[in-house]
Amino acid sequence: MPDQLVGLRGREPVLQLVRDCLALPPDADRPVTVLLGPSGIGATDLHAGIKEQLAPEVPCAYLNFLRADAGGGLPLRTVLAGVLRELGRKMRDFSEPAFPRLLVGLIATEAPLDSHHRPQDRRSVSKLVRDRLRGPQGQGRYDSLLGPVTEVMGGLFGAPPGVSEATREVLSAVAPRPGRIPRRLLARGIAWYGGGRVPPSEEPADALLDLNSWQHGTGGQVKGPEDVERVLLRAFLADLRDHARGLLHHRSFLLLLDNCHTEAGRKFLRMLLELRHEDQVNRQGCDPLVTVASVHRWLDEWGPYTGAQWNPEPVESDRASLDHWAATRSASGTEDYWWYPLELRPLRLTETRDVCAAVPRGEETAPAVQRLTGGLPWAVRHTAATLAAAHREQPPPADDPSLPLRRVPGLRPPHPATGPEQPAPSLADASLGYLLEELAEDPGSRSVLIRWSAARDLSVCARVFTSGAGHRGSSLRDGLRERWLLSDSEDGRLVLHPWLRRLLLWELGSDEALWRDTHERLAEHYRTGPQGQPEQEPGVDTELEEAYHSLALGRTGPVAALLTRRFTSRTSEEWIRDFDLVTSAPNRLDKSRPPLALLDSLTPGDHGPAMSLASVVHRMVVARWIWSDPLSDPGRRLNAVLASAYDHVAALRSARSSPLYDEAVRYRQWRDQ
């Protein structure tokens, strides 16, 4: 695997699930596995890892529907032609798959045939199919169809980014062979269209003519191209079934579908599941297609994005298995019967360490990258790449090795790490565009989101930032929810994805006036409420919430005074919770200064030989405010300062000081998880 590719890190259960599905008998039930999560969760990397591991031995097709939509959208017939090409590779020790039914249907519907003379058209369509697949010109079963497809192959079909060059060479060496299709297979392919399969036509030639008229809108037909696509997909599945029964034939086929939240991807999945349902009703058994699809949006057909109306509850990918799907799948005959939704989890710290191994001081850098990105694989990989490039271009001072990490959102990422044709001006800009897609391109939506990032709980934003938001605010929340970028915290707050919030705060911090206005309005909301009265919400300490935004504005003195007063009126456990809540406030402090120097500049008189409770708490507030930000103290250099301060305030407490001493030990022995 290429350096820094996330690939199969933490995804081994999904790979084993795919292996188990491939080992099933051809007609056994197998799930349509759907990988869920925000953009950057690593679905494409997982597709690459699966293809790397399995494609050399199993017929495997990869299709990126995002590229298909970017090219104006591809019709499903073109998609099927590309999939046919990928699955038609000749594997060692196995017979080459053939797709006579699909090939016949594709050729018969390629160009309009309507001479207004039915007998002549019947002869024409039969001759067309035979000439293209058996004729002396020798174009073969694929080349005549794939001319249009080959123009869009790059990034759409083939191998996803991250598949090694060695695997690409192996796949190139087993490309589908040209040559004419065997006569018996051609006859089988044509005959399949008879018997009323395409109502009301009993004869294959009539059925193919009807399909042609549906496709091109001739002959006054009521049906259209989507009906043709259903027939072609049915033909494709019939070809797979037929091949899987033969001697020395593969029993299963692997289809990797990336970005299926697009229009074309949703259509493909919908039709596949509709046909599976029909086969189940007709007791034909399941098709031998092992499908792994990824989506970065909640699909409308699943109901509300809360999942309340979707029967199969998404499961973390670590728990994925064929047995688990069989035990938890929905009742037979329901729309959810074939789905197996898997939520791809973020990387854990050990996995982030692997990705950061190539970065100087990677072992020390990884915990900060984990805190900064929330373990989002795309963000981890490109943050690591940006840091490595920064170290090569301008090594940091020996006495301040974390300087590039404190500035990393504003650094230019190495091309082509972020994907676009032109390198983005900064990692933050590239990441926001990647995460938010069209939401990032709308200046109004982006400005609203930037303000929202200041809030600890986004549920208050509709009341505070009503001007200019209106309906946009509601649609924005929906857009973030369906992208897995907005969630409910353990304590019931509505929160942004940590990487998204950090990027938006970086952008907010670049405008001092906007930063100040945003936090002033939020502090005012908690101080007076919307009607000039203090905001009363169950479980919300408005005094602390106001202090949180006051600290974001740099008002360390009043915040420290509040916490000093509460030190004598609250239990130790309560005071620690209050302290942690307030000092988790964001900051726009100078990222060029190391954390200890920054602390000393903000607390010039708080470290004399005889410190009072007020001065110790003030220094604690500033220290933890800096410490809470992975861009201000990425190396947790202020652990020792906080541990010493907790020892000091514990000694000043007359009773129940053990929780304070425990906090001192916790900071002294701090280990990021």
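At what angle do the axes of helix α26 and helix α27 cross, and within what distance do they come? The legends below take this question up in one of several close-up views. The model shown is predicted.

**View 1. The whole chain, before the close-ups.**
The protein chain holds 31 helices and 8 strands. It has 673 residues, and buried residues make up 57% of them. Its accessible surface is about 28300 Å². Carbon and sulfur atoms own 50% of that surface. Among contacts with a separation of 6 or more, 73% join residues 24 or more positions apart.

**View 2. Helix α26 against helix α27.**
Here is the opening question's answer. Helix α26 spans residues 556-569, and helix α27 spans residues 572-582. Their axes cross at roughly 170° and come within 10 Å. Angles over 145 degrees count as roughly antiparallel, so α26 is roughly antiparallel to α27. From α26, the contact takes in V559, L563, R566 and F567. From α27, W575, D578, F579 and V582 meet them. Sorted by type, the residues of this contact are 6 nonpolar, no polar and 2 charged.

**View 3. Helix α6 against helix α10.**
Helix α6 covers residues 118-134, and helix α10 covers residues 204-216. They pack at an angle of about 95°. Their axes lie 9 Å apart. Angles of 65 to 115 degrees count as roughly perpendicular, so α6 is roughly perpendicular to α10. On the α6 side are R118, D121, R122, V125 and S126. On the α10 side are A205, D206, L208, L209 and D210. This contact divides into 4 nonpolar, 1 polar and 5 charged residues.

**View 4. The largest nonpolar core.**
In soluble globular proteins, nonpolar side chains tend to be buried together. The largest nonpolar core in this model has 193 residues. Those with the most contacts inside it are Y193, F236, L254, L436, L480, W575 and Y646. Helix α29, residues 613-627, gives the most to this core, with 10 residues. Beyond its neighbours within four places in sequence, L436 is in contact with L449, L480, R483, L485 and L500. One of these, L480, is also among the core residues with the most contacts.

E437 sits in the loop between α18 (427-436) and α19 (438-441). Its phi is positive, about 50°, although E437 is not a glycine. Is E437 buried or exposed? Its relative accessibility is 18%, so E437 counts as buried. R283 lies in another setting, the loop between α12 (263-281) and β4 (289-295). Phi of R283 is also positive, near 55°, and R283 is a residue other than glycine. R283 counts as exposed, at 78% relative accessibility.

**View 5. E543 in helix α25.**
Helix α25 runs over residues 542-552 and contains E543. E543 is partly exposed, with a relative accessible area of 37%. Leaving out residues up to four places away in sequence, E543 touches L562, R565 and R566. R527 is 16 residues from E543 in sequence. In space, C-alpha to C-alpha, E543 and R527 are 7.1 Å apart.

**View 6. Q370 in helix α15.**
Q370 belongs to helix α15, residues 362-373. Its relative accessible area is 14%, so Q370 is buried. Which residues does Q370 touch, not counting those up to four places away in sequence? They are L347, R348, L349, T352 and G375. R348 and Q370 are 22 residues apart in sequence. Their C-alpha to C-alpha distance is 7.8 Å.

G224 is placed in the loop between α10 and α11 (225-244). With a relative accessible area of 15%, G224 is buried. N212 is 12 residues away from G224 along the chain. The C-alpha atoms of G224 and N212 are separated by 9.5 Å.

Technical notes: Residues numbered from 1 in each chain as written. Predicted model: local features only at pLDDT ≥ 70, side-chain atom pairs only at ≥ 80, totals over all residues. Heavy atoms only, no water. Axes fitted to C-alpha atoms, helices over the stretch in contact; angles between N-to-C directions. Helix = DSSP H or I, 4+ residues; strand = E, 2+ residues; numbered from the N terminus. Parallel < 35°, antiparallel > 145°, perpendicular 65-115°, else oblique. Contact = heavy atoms within 4.5 Å. Nonpolar A, V, L, I, M, F, W, Y, C, P; charged D, E, K, R; others polar. Core = buried A, V, L, I, M, F, W, Y, C linked by side-chain atoms within 4.5 Å. Buried < 20%, exposed > 50% of the residue type's maximum accessible area, 1.4 Å probe, protein only. Areas by Shrake-Rupley, 256 points an atom, 1.4 Å probe, with all protein chains shown as cover.
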